[in-house]
Amino acid sequence: MFPGTLYETHVKTRNLEAAMEFYEKLGLDLAHIIEERRAAFYWFDKKNKREQMLGVWEVPEEEFHRSHFAFKVSYYDMIHARDWLLERGISPRAAFGLEPTEPMVQTWTPTANLYFYDPDGNSLEFLCLLPEKNIKVEQDVMYLSEWEKL
């Protein structure tokens, strides 16, 4: 039974309207707003409502802290993720010493990853599971194009 799958996660924001605009740019489907609690809830996948949810909560500056979560995407989507973000005015960010010129691979998992921030500086990630390779890789991270040459 445990650990199950992640159903819901939450991020804090200092400006609910700005955060809502951002998450709607990402294609999340607004499920519900509770204005008096300054909260908005989104379905991750429009086709599979009630499967995974994101809560966005406006808090005062003194209660704000940054967090991180990842969206699992297909290999096709990962290949196009950088351009897709840029088309929406969202800049991918460097991670683990690699510039965001293309997705990177965390070789120990292995996953392809592309990182970016929401308007509050919460760290978001597109993540794609990759087939495992039966080889020893010395680097913990590398560009996806390097991984594909192995």
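Predicted model: local features only at pLDDT ≥ 70, side-chain atom pairs only at ≥ 80, totals over all residues.

Trainee: Which element supplies the largest share of the largest nonpolar core?

Mentor: Good place to start! This core has 30 residues, and Tyr-23, Leu-26, Phe-71, Phe-116 and Phe-126 touch the most other members. Elements that each supply at least two residues include strand 3 (39–43), strand 8 (111–117), helix 1 (16–25) and helix 3 (144–149). The largest share is five residues, and it comes from helix 1.

Trainee: Leaving aside neighbours within four places in sequence, which residues is Tyr-23 in contact with?

Mentor: Tyr-23 is one of the core members that touch the most others. With its neighbours within four places in sequence set aside, its contacts are Val-11, Leu-28, Tyr-42, Leu-54, Val-56, Phe-69, Asp-118 and Leu-124.

Trainee: How many residues make up the other core that lies apart?

Mentor: Among its members are Ala-95, Met-104, Tyr-115 and Val-141. This separate core is made up of six residues.

Trainee: Now the largest pocket: which element gives the most to its lining?

Mentor: The pocket holds about 740 Å³ of space. Of the 26 lining residues, Phe-44, Phe-71, Lys-72, Val-73 and Phe-126 are the closest to its centre. Strand 1 (8–13), strand 5 and helix 2 give two or more residues each. The most, five residues, come from helix 2.

Key. Residues numbered from 1 in each chain as written. Heavy atoms only, no water. Core = buried A, V, L, I, M, F, W, Y, C linked by side-chain atoms within 4.5 Å. Buried < 20%, exposed > 50% of the residue type's maximum accessible area, 1.4 Å probe, protein only. Helix = DSSP H or I, 4+ residues; strand = E, 2+ residues; numbered from the N terminus. Contact = heavy atoms within 4.5 Å. 1 Å grid on protein atoms, 1.4 Å probe; cavity = no way out; pocket = protein on both sides within 12 Å on 5 of 7 lines; lining within 4 Å. Points joined across faces, edges and corners; volume = space filled by probe spheres on them.
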